[in-house]
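Trainee: I have a model open on the screen and would like to go through it with you. May we start with the terms and then look at the chain?

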Amino acid sequence: MMTEKVKIVTLGCEKNMVDSEIMSGLIDQRGYSLVEQAEDATVIIVNTCGFIDAAKEESVNTILDLAELKETGKLKALIVSGCLTQRYKQALMEEMPEIDGIVGTGDFYNINQIVDEALGGKKPAFVGNPVFNYEEILPRKLSTEKYTTYVKIAEGCDNNCTFCSIPIMRGAFRSRSIESIIAEVTGLAAQGVKEISLIAQDTTNYGTDLYDGEYKLAELINKVSEVPGIEWVRLHYAYPGFFTDELIETMASNPKVCKYIDMPLQHSEDAVLKRMRRPGRNRDTRELIAKIRSRIPGVALRTSLIVGFPGETEEDFERLCDFVREIKFDRLGVFTYSKEDDTPASRLPNQIDEEVKEWRANTLMEIQRQVSNENNGKYVGQVLDVLIESYDGRSDVFVGRSQYDAPEIDGDVYVSNCKVEIGEIIPVRITHAYEYDMSGEGVL
């Protein structure tokens, strides 16, 4: 009997990647082969994103492109999972006959049954409550390099920002227990993982639902850092409304915690923040940033901003530009507002033209390009620890990241004058700084 060959295509965020890795582990445990190339697969699973219009369009186009392999390749079953299926189950099944089965965000542990049923000619649809229990340590097959990976510490969100569809697709906020997370991290460290990036839709709210309203992120970070083999602990998606003094102290004092905070602010202006239903106001944000920078010397701050939110005036945008110039974020991403079905913001008046949104996004990124170039210059002459990730044989340089740069989304450090193994963390003296990247020499 031929072993089925399965390819998982992951779209969207790191949280989706973790789900895909769990599905890979379950499929591997089932005895099916996981393949790298879609052309070789008899089964393809597309783990979709449905967060904004661009992501939904990418997901649909990917499904249609891969469906062609039923004619040109070996494909027998095309299964769709993730946020798009959770949100648009009925429409996908009715309008895309190319799909042979779907699974939502709370049911992907059934992936082997879904594969079997799809191969048997059924059209399985496992889309129930978007609640997955991460307490059980399921098999997980890493898709990243073995020295770095992401760990989910919570799922869902209770903040109900008016522009966001996450609660629709992922459900209410649910923390994992500390014991469950440490068990997973311990297993990952045994595989050689050195850098753990903690992720959730709202990491700073971690633990409040499990531990009588107590914020437990600081305690969790300390316990993760104590796992043998873990050298870096990185924090993503820190909601500004719940950033406690205890968390700041932990990040300042624990040498294994990267001095890097990914804290999406979305905007600077009070009127826009109020319509977004975001916590705090401009003054609160400035005070929090000042406190973080004073107590965590050298910290790198990443944020994301939304331009073109309904009712954002020219004055609001100009003040946002001034805010970015003044705060000088080390890392920054800009998104244009996407009008999402069934969200309160989609019903707001004064929706803004796409051309205006794009112009504002480009303008803001040009300001950040100049800020980033200036910020990176401060590292010249310093010695930074760098995690080596690859080797460029043509230039004879290694490529890595400092603690101030997250995997894939931030800049690189190009390292010459050294011979090291991929996955090592080495000291590097920075000699040159550019808009987003840096270069230096190994100090060995």
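Mentor: Let us begin with a term: contact means heavy atoms within 4.5 Å. With that in hand, among contacts in the protein chain between residues at least 6 apart in sequence, 74% join residues at least 24 apart.

Trainee: What kind of model is this, and how are residues numbered?

Mentor: This is a predicted model, in which local features need pLDDT of at least 70 and side-chain atom pairs count only at pLDDT 80 or more, while totals for chains, interfaces and linings use all residues. Residues are numbered from 1 along each chain as its sequence is written, and side-chain values use heavy atoms, with hydrogens and water left out.

Trainee: How many helices and strands are there in the protein chain?

Mentor: The protein chain has 13 helices and 19 strands. Helices (H or I, at least four residues) and strands (E, at least two) are DSSP runs, numbered from the N terminus.

Trainee: What about the radius of gyration?

Mentor: The protein chain has a radius of gyration of 22 Å, which agrees with the value near 22 Å for a compact globule of 444 residues. The radius is taken over C-alpha atoms, and the globule rule is 2.2 Å times the number of residues to the power 0.38. Along the principal axes, the C-alpha atoms fill a box of roughly 60 × 60 × 50 Å.

Trainee: What share of the residues is buried?

Mentor: Buried residues make up 56% of the 444 residues. Buried means under 20% relative accessible area, exposed means over 50%, and partly exposed is in between (1.4 Å probe, protein chains only).

Trainee: And the charges?

Mentor: There are 50 positive and 74 negative side chains, and the centres of the two sets lie 2 Å apart. Lys and Arg count as positive and Asp and Glu as negative, while His and the chain ends are not counted. The place of a charge is taken as NZ of Lys, CZ of Arg, CG of Asp or CD of Glu.

Trainee: Which residues have the most contacts inside the largest nonpolar core?

Mentor: They are Leu220, Phe243, Ile261 and Ile292, in a core of 53 residues. A nonpolar core is a set of buried Ala, Val, Leu, Ile, Met, Phe, Trp, Tyr and Cys residues joined through side-chain atoms within 4.5 Å.

Trainee: What is Ile261 in contact with?

Mentor: Leaving aside neighbours within four places in sequence, the partners of Ile261 include Leu235, Phe243, Met251, Ile292 and Arg302. A second, separate core has 24 residues, among them Val6, Leu26, Ile27 and Ile199.

Trainee: Let me change topic. Where is Ile114 found, and is Ile114 buried or exposed?

Mentor: Ile114 is found in helix 5, residues 111-119, and is buried, with a relative accessible area of 0%. Not counting residues up to four places away in sequence, Ile114 touches Ile79, Ile102, Val103, Pro124 and Phe126.

Trainee: What does Ala77 touch?

Mentor: Beyond residues up to four places away in sequence, Ala77 touches Thr42, Val43, Ile44, Asp100, Ala118 and Leu119. Ala77 belongs to strand 4, residues 77-82, and is buried at a relative accessible area of 0%. From Ala77 to Val443 the distance is 52 Å, C-alpha to C-alpha, across 366 residues in sequence.

Trainee: Now the loops. Which value does phi of Asp212 have?

Mentor: Asp212 has a positive phi of about 55° although it is not a glycine. Most residues other than glycine have a negative phi. Asp212 sits in the loop between strand 10 (195-199) and helix 8 (217-225), and is exposed, with a relative accessible area of 78%.

Trainee: What about Gly207 in that loop?

Mentor: Gly207 lies in the loop between strand 10 and helix 8, yet Gly207 is buried, with a relative accessible area of 0%. Leaving aside neighbours within four places in sequence, Gly207 is in contact with Ser175, Glu214 and Lys216.

Trainee: And what is phi of Asn350?

Mentor: Phi of Asn350 is near 60°, a positive value in a residue other than glycine. Asn350 is placed in the loop between strand 14 (331-336) and helix 13 (354-376), and is exposed at a relative accessible area of 58%.
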